[in-house]
Amino acid sequence: MSFLRVRALMGIPVAAAWGATAVFVLLVYPCLSRLVRLDYHRLGTGVREADLVGLLMALAMAAMVSPVGFPVPVAGWQALFLVATCWFVVNVVRSPATRNVCRHCDFHHGVSAAAMVYMLAAMPHGDGGHHSVWPMMVDPATAQTYALPAVALVCAVYFLADGAHTVWRAFRNRRTGAVLPPGVNSRFGCRVVMNFGMAGMFVAGLVP
């Protein structure tokens with residue numbers, strides 16, 4: 001597929017697609033940085049799991065929004081996110097104190113992983129009328145939208161709301177001068193960008 005021609009990302013100009021790709025690629029750095037430098041023995045295994053799934057989300061979103069696609073088969077991504085969904089659902093139920101993560105955080109990561117499974121399955125597949133196992137979002141020859149659009153709408157509302165709530169929490173912590181564990185501000189920033197990015201993807205997929 002030639003990406004030099006003018007194409008559209010489910011109604012979004014290809015230049016915007018490249019911009020979104022760059023944003024998601026940039027999110028990889030803070031995720032890797034936390035995984036390398038933080039002391040998870042002290043912070044808790046749940047914090048490490050959150051950073052791992054954050055890295056996985058950033059890579060997958062960059063792959064999906066990129067006008068040139070990604071070499072990893074979509075079934076592989078779906079399997080990874082299905083495992084992640086089940087993992088965090090179990091954590092929501094048991095939520096041991098030793099993991100040092102609240103149920104709401106586990107719930108959010110479970111919802112995010114499940115949303116990725118849906119997004120990979122429900123977005124248009126193929127390019128220029130030709131079948132492809134990878135959901136090629138750049139396709140000027142189609143006006144397809146997400147399958148089960150009501151699910152996409154619920155996901156968009158959830159991620160917008162969580163993004164706004166995370167911004168509010170960050171400003172509240174700053175205003176009160178709360179002493180936060182290492183990596184929290186970085187994690188908040190990544191969560192806000194990822195939330196608004198995913199909400200934008202779902203909204204774009206609802207517009208023919």
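**Entry 1: burial and overall make-up**

I began with burial in this predicted model: of the 208 residues in the protein, 46% are buried. I then looked up the accessible surface, and the protein exposes about 10500 Å². Carbon and sulfur atoms supply 73% of that area.

Next I listed the secondary structure and found seven helices and two strands. Reading along the sequence, I noted the pattern β-β-α-α-α-α-α-α-α. I also checked how far contacts reach along the chain: among those between residues at least 6 apart in sequence, 74% join residues at least 24 apart.

**Entry 2: helix 3**

I turned to helix 3, which runs over residues 45–65 and has 21 residues. From its first C-alpha to its last I get 30 Å, close to the 30 Å expected at 1.5 Å a residue. Is helix 3 enclosed or open to the outside? I find that 16 of its 21 residues are buried, so helix 3 is largely enclosed by the rest of the structure.

**Entry 3: Arg 187**

I picked Arg 187, which lies in helix 7. Which side chain does the side chain of Arg 187 meet in a polar contact? The partner is the side chain of Asp 51, at 2.8 Å. Leaving aside neighbours within four places in sequence, I also see Arg 187 in contact with Arg 34, Leu 38, Val 47 and Pro 182, besides Asp 51.

**Entry 4: aromatic rings**

I searched the whole structure for aromatic pairs and got five. One of them is Phe 107 with Tyr 158: the ring centres are 6.4 Å apart and the planes stand at 75°, so I logged the pair as edge-to-face. Phe 107 is in helix 5 (residues 103–122) and Tyr 158 in helix 6 (residues 149–176), so this pair ties together parts that are 51 residues apart in sequence.

I note that the cut-off for buried is under 20%.

I then took Phe 159 and Phe 202. Their ring centres lie 6.2 Å apart with the planes at 5°, so this pair is stacked. Phe 159 belongs to helix 6 and Phe 202 to helix 7 (residues 184–206), so here the pair ties together parts 43 residues apart in sequence. Both Phe 159 and Phe 202 are buried.

Which residues do the ring pairs link into a cluster? I wrote down Phe 107, Tyr 118, Tyr 158, Phe 159 and Phe 202.

I went back to helix 6 for Leu 153. Its relative accessible area is 48%, so Leu 153 is partly exposed. The C-alpha atoms of Leu 153 and Gly 205 are separated by 9.4 Å, while the two residues are 52 apart along the chain.

Where does Val 207 sit? I find Val 207 in the segment after helix 7. With 46% relative accessibility, Val 207 counts as partly exposed.

Definitions and conventions. Residues numbered from 1 in each chain as written. Predicted model: local features only at pLDDT ≥ 70, side-chain atom pairs only at ≥ 80, totals over all residues. Heavy atoms only, no water. Phe/Tyr/Trp six-rings, centres within 6.5 Å; stacked < 30°, edge-to-face > 60°. Helix = DSSP H or I, 4+ residues; strand = E, 2+ residues; numbered from the N terminus. Buried < 20%, exposed > 50% of the residue type's maximum accessible area, 1.4 Å probe, protein only. Expected span 1.5 Å × (residues − 1). Polar contact = N/O pair within 3.5 Å; in protein donor to acceptor, adjacent residues only side chain to side chain. Contact = heavy atoms within 4.5 Å. Areas by Shrake-Rupley, 256 points an atom, 1.4 Å probe, with all protein chains shown as cover.
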